[in-house]
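The sequence and the structure come first.

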2 protein chains.
Amino acid sequence: VKASGLRDLLGGSDSSGPVPRLVRLLGARGAMSPAQIARTSGMARSTISGVLAELRASGMVVEVRRTTSSHGVGRPTSFFALNPEAGTCVGIHLDFEGLQVLVADVSHSVLQESRIPLGVDYAPALAARSARDAVAAAYKRNGLSLRGVLGVGVSVSGPIAPDGRVQRASMIPRWAGKNIREVFEPVLGQPVFADNESNCAAIAEMTWGAAAGEDDFVLFKSDVGVGGAVVVHGRVLAGVAGGGGEFGHIPIDADGGMCRCGNRGCLELTASFLPALERASRSHRRPLKIEDLVALAKSGDAAAVRLVAETAERAGRGLGVIGAVLNPGLFVISGRGAYAGDLLLKPLVESYQRHFFIKRDDVPAALATRFVIGKFLANDSLLGAVGLVLRHRGRL
Amino acid sequence: VKASGLRDLLGGSDSSGPVPRLVRLLGARGAMSPAQIARTSGMARSTISGVLAELRASGMVVEVRRTTSSHGVGRPTSFFALNPEAGTCVGIHLDFEGLQVLVADVSHSVLQESRIPLGVDYAPALAARSARDAVAAAYKRNGLSLRGVLGVGVSVSGPIAPDGRVQRASMIPRWAGKNIREVFEPVLGQPVFADNESNCAAIAEMTWGAAAGEDDFVLFKSDVGVGGAVVVHGRVLAGVAGGGGEFGHIPIDADGGMCRCGNRGCLELTASFLPALERASRSHRRPLKIEDLVALAKSGDAAAVRLVAETAERAGRGLGVIGAVLNPGLFVISGRGAYAGDLLLKPLVESYQRHFFIKRDDVPAALATRFVIGKFLANDSLLGAVGLVLRHRGRL
């Protein structure tokens with residue numbers, strides 16, 4: 001298997017032919033049958049057969065599954081995927097006090113995931129060196145060659161301008177004005193792509209998760225902050241300065257408290273899990289995390305159930321705001337708050353119904369907005385950073 | 001000139017050839033040079049020349065302008081447009097107490113515009129009959145054949161579901177649940193296309209006005225109500241139930257007054273011109289319209305200036321909300337409030353700067369959001385209804 005072959009095919013300048021098209025499709029979607037490829041790409045079945053044969057012969061594509069029809073007759077269906085050994089991607093997530101690193105093969109299997117604590121307010125140069133060492137160690141441990149790396153995706157806890165510059169109002173204030181690509185590319189020696197963590201989460205969910213196959217949806221992240229992403233026509237809406245989907249900074253409360261962004265009354269001051277955690281931590285006389293509060297609520301602790309519901313109620317008003325702007329057909333609820341499942345979702349949807357101006361009874365069921373919990377609550381941003389590489393290299 | 005020829009070309013089932021493609025392009029853009037057609041369509045120059053010659057011979061396209069280069073040498077540039085005599089469109093706008101009817105040729109020249117008062121809470125059947133009579137009279141007066149009608153676009157003061165059904169919370173409550181197409185098509189005997197008035201306004205501005213050539217922008221309508229439209233990738237975002245861009249119903253104030261939609265604290269309760277008009281009407285002891293208040297403000301009346309500025313301040317907070325969701329590169333401000341020009345725009349932009357979390361100094365000028373006043377304040381919804389026909393027939 002030529003590791004650099006896939007890299008050339010995904011990123012080469014002549015990318016309009018059937019071979020790179022099919023490779024990009026498999027890169028973005030994972031395993032597909034020839035029928036699915038035909039439906040998605042519009043390519044002729046005979047072309048697809050020829051290209052698949054060629055790619056299998058060169059070792060870049062493998063058959064991963066074969067199913068027979070449910071009634072046991074007829075031809076079996078084969079599913080094809082990029083050969084996991086033919087290329088790998090690195091995802092990095094920069095959060096409040098360190099970074100997470102994930103190595104995945106092009107079939108989206110996670111080969112290695114690790115966390116590197118760097119302390120609050122860590123410096124960009126330190127992050128870049130730490131990432132380089134972690135990536136090298138992970139590749140060595142898995143017996144992989146760094147020549148097969150297709151790229152590095154970086155997910156950032158804060159808004160990012162389209163050129164890769166971190167904006168103010170992020171969770172990592174020391175990075176304001178720094179260009180992620182300029183920080184990481186020289187140290188890692190790999191092509192680097194960057195986006196906001198919630199935009200990455202949306203990419204993970206639309207590529208492999210709860211929004212697979214959806215062209216238009218909104219991701220709402222409920223955690224110690226509030227974030228989100230707007231997907232329209234299959235693309236994440238960045239906004240002219242990278243401020244699209246920054247739901248945490250919706251100015252919801254004219255006389256509200258001061259936010260880290262410098263404004264008053266931002267949605268995340270009241271609709272994140274922070275107020276609930278502060279309250280619960282006081283009651284329990286120990287610092288509680290979202291996971292702790294959710295566990296208490298699930299065990300039937302009435303106060304914890306109430307705190308989750310009140311957080312959902314305030315978030316639902318934010319969803320009502322988003323509804324009047326976008327009226328999305330689907331909300332994917334992510335973030336650690338979503339671990340609460342229906343304990344969060346039910347009061348959230350009720351609050352949305354109360355604050356959105358089109359009521360459930362106003363429209364037929366097909367025009368009602370659906371709500372689902374995200375599939376990758378534990379590592380959606382990291383997985384999405386990998387998806388970012390595949391989308392960018394594949395020019396999706 | 002064959003009037004039905006253009007109708008067939010714009011709406012025919014075989015619409016992928018170079019002839020219908022070029023006709024659709026001219027239908028949507030107005031006059032274009034061959035170079036502009038080549039840039040926009042990607043068609044070869046030789047193909048364009050051949051198709052233009054064919055369409056000119058059949059009378060469907062005419063040369064409308066010829067320019068020489070600024071230094072007077074070189075070949076002159078010709079601009080071509082659809083022959084105004086080859087097809088016409090009707091635009092209808094349904095508002096609070098009647099309808100407006102506009103007839104335009106395919107070059108977007110307005111041939112006739114009229115207003116038909118029907119009284120508050122008028123019935124759909126009456127509106128359809130009145131529209132039919134007005135259209136017939138307008139065509140007769142202009143010596144036009146109804147066989148040349150390409151379609152009728154209907155703009156509605158309220159949200160419309162994608163299937164053409166009027167939602168609750170519109171300015172015309174009796175129409176709730178009525179399907180615009182089913183009301184008008186049998187009576188008019190023409191293909192009918194319908195959308196919300198602000199979405200129509202956005203189509204007018206993006207086709208011929210302040211947002212021409214912009215793929216992504218937000219239209220904000222400041223009038224006795226507040227409305228808007230979201231344009232992404234060159235298409236108006238309808239929302240799953242037609243609620244996209246309904247900025248008037250953003251739940252901005254948790255403890256606010258009751259809105260006609262049944263919710264509390266909707267943006268238009270405070271950010272429309274209604275509170276300012278009520279206040280000014282009390283002071284002046286006569287009912288004032290927006291035009292009156294704007295005239296007073298422009299003449300230097302300090303109270304009127306202040307009322308316009310306060311309206312803008314409250315609307316600016318709404319724009320800050322939209323900013324955190326979409327971060328658009330361009331806001332087009334329309335509605336009669338926009339007649340106030342800078343008296344509205346300056347405090348509006350200042351308020352936006354205060355409520356949006358990315359500040360002017362945070363980003364280079366290229367990433368800053370621009371604000372412009374709409375071009376068609378007097379009849380943008382009507383013109384957009386015409387644009388709706390051209391877009392739908394042209395499958396733009």
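Contact here means heavy atoms within 4.5 Å. The model is a predicted one.

**Two helices in chain B**

By that rule, Arg21(B), Leu22(B), Leu25(B), Leu26(B) and Arg29(B) in α2(B) meet Ile37(B), Thr40(B) and Ser41(B) in α3(B). Sorted by class, this contact has four nonpolar, two polar and two charged residues. Two packed helices are described by the angle between their axes and the distance between the axes. Helix α2 of chain B covers residues 18–29 and helix α3 of chain B covers residues 34–41; their axes come within 11 Å and cross at roughly 105 degrees. Angles of 65 to 115 degrees count as roughly perpendicular, so α2(B) is roughly perpendicular to α3(B).

**The interface of chain A and chain B**

Each chain contributes to the contact: 53 residues come from chain A and 53 residues from chain B. The two chains bury about 3900 Å² between them, with 61% of it on carbon and sulfur atoms. Val240(A), Val325(A) and Phe357(A) supply 19% of the area that chain A buries against chain B, more than any other three residues.

Across this interface the rule finds zero salt bridges, but it finds 25 residue pairs in polar contact, both at pLDDT 80 or more. The elements of chain A that give two or more residues to the side touching chain B are listed below.

| Element of chain A | Residues |
|---|---|
| β9 | 226–232 |
| α11 | 302–326 |
| α12 | 342–355 |

The largest share of that side, eight residues, comes from α11(A). By class, the side of chain A that touches chain B has 29 nonpolar, 15 polar and nine charged residues.

Technical notes. Residues numbered from 1 in each chain as written. Chains lettered and ligands numbered in written order. Predicted model: local features only at pLDDT ≥ 70, side-chain atom pairs only at ≥ 80, totals over all residues. Heavy atoms only, no water. Axes fitted to C-alpha atoms, helices over the stretch in contact; angles between N-to-C directions. Helix = DSSP H or I, 4+ residues; strand = E, 2+ residues; numbered from the N terminus. Parallel < 35°, antiparallel > 145°, perpendicular 65-115°, else oblique. Nonpolar A, V, L, I, M, F, W, Y, C, P; charged D, E, K, R; others polar. Buried area = accessible area lost by both parts, 1.4 Å probe. Salt bridge = Lys/Arg side-chain N within 4 Å of Asp/Glu carboxyl O. Polar contact = N/O pair within 3.5 Å; in protein donor to acceptor, adjacent residues only side chain to side chain.
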